[in-house]
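Here's a walk through the model, with stops at some rings, a hole and a helix. Have the coordinates open as you read.

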Amino acid sequence: MTPASNPAAICLNGLTILPGERVLTRLVISRLPSGTVIDIPVHVFRSTVPGPTVLLMAGMHGDEVNGIEIIRRLIRRDLLHPLRGTIIAIPILNIYGFLNFSRDVPDGKDVNRSFPGNPRGSLASRVAHRFMREIMPLIDYGIDFHTGGAARSNMPQIRCLLHEDPETDAIAAAFAAPFTLHSALRAGSLRETAMQLGKRIIVYETGESLRLDESGIDLAIAGTFRVLHYLGMVADASRPEHPAIVCLRHTWLRAKFAGLFRSHVRNGDYIEKGQIYGSVADPYGEHAVRLEAPVAGYIIGLNHMPVVNQGDALVHVGRLDAAPSRIDLAPPYEEKPMKPLEHEPEDHDDDEPEAP
């Protein structure tokens, strides 16, 4: 991909931003019913040397605080000084969700299913449209920071469309998160819309909503610098401690029965096909069932909610195989039959997995 030229001046939100400048501007989106203005702070860091423009963005979902903290630290520590090109940093895109500890905007819609947006559409669509009008035309590459939803915690991972675009593969490899997942494009998502316009955006996930994941934050900052180093925008970047594990397939294992869920695995563990990865028990002490893994792979996401309903996602398995298996072809929520426990074991501290 040939990066967009670094013009002598770029226009953003009505401002003219020259090479070498550092600017904070605010995109006004709307007002709350109280009359309070809702705007999106956008930081722009420009080099005097032409080069690519990279977007660092978080807070697409307002309760996903890890990405917000990643960009906050990069700004607060004054780390964004590109040797060439431009960095655009948006700590929070969905201000509404952030104010309400919510994934979505007040109308219940997901901004990341609303691209390219509509200036006369829903609130989520208007946020997406403003982004498309002001930010998307300027960028060449992007890292979109996310966090696991609800009580589900994600291992640090990059999600992108693998083996279909060399530039996407290259920036994912440069980031070198512990796991890299092949993730299909979803209709209305930022990634899909960007790809249609020839822009490359990868997604970084870590931790769970409304909780900071310090290890995942540190890995993200290091990975971001590796991407910037690959693009020639910073002089140095640390090497990853371990090579990324690439998963071309990944599967959520779901609860066949409702009850109290206990996990026997931790994030990052490798499980074999047929291994017992947890149990679901009724709350009255009458019966329990073991959960048997229908596929082998690494645990890359884990549900920490002890009370589960039928069909709830329990563990996310990143797989190393490339061929479909029975679990891919099965009806929704179908699992390999689970074996009842003859006796529900008593609770002991040493039976509990260590905290992820």
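Let's start with the aromatics: Phe145, Phe175 and Tyr204 are joined into a cluster by ring pairs. Keep in mind that this is a predicted model. Across the structure, there are five aromatic pairs. A pair like that is described by how far apart the ring centres lie and by the angle of the planes. Another ring worth a look is that of Trp252, which has the charged end of Arg152 sitting over it, 5.8 Å from the ring centre.

Now for empty space. Rolling a water-sized probe over the atoms shows where some is left. Searching the whole structure for cavities of 30 Å³ or more turns up one, and the largest cavity holds about 40 Å³ of space. Which residues line the largest cavity? They are Cys160, Leu161, Thr168, Leu185, Arg191, Met195 and Ile201. Sorted by class, that lining comes to five nonpolar residues, one polar and one charged.

Last stop, helix 6, which runs over residues 214–230. Its 17 residues reach 25 Å from the first C-alpha to the last, close to the 24 Å expected at 1.5 Å a residue. Where does burial show up along helix 6? Gly216 and Ile217 are buried, and so are Ala220, Ile221, Ala222, Gly223, Thr224, Phe225, Arg226, Val227 and Leu228. Arg226, then, is a charged residue among the buried ones. Just after helix 6 comes Gly232, with a positive phi of about 75°.

Conventions: Residues numbered from 1 in each chain as written. Predicted model: local features only at pLDDT ≥ 70, side-chain atom pairs only at ≥ 80, totals over all residues. Heavy atoms only, no water. Helix = DSSP H or I, 4+ residues; strand = E, 2+ residues; numbered from the N terminus. Expected span 1.5 Å × (residues − 1). Buried < 20%, exposed > 50% of the residue type's maximum accessible area, 1.4 Å probe, protein only. 1 Å grid on protein atoms, 1.4 Å probe; cavity = no way out; pocket = protein on both sides within 12 Å on 5 of 7 lines; lining within 4 Å. Points joined across faces, edges and corners; volume = space filled by probe spheres on them. Phe/Tyr/Trp six-rings, centres within 6.5 Å; stacked < 30°, edge-to-face > 60°. Lys NZ or Arg CZ within 6 Å of the ring centre and 35° of its normal.
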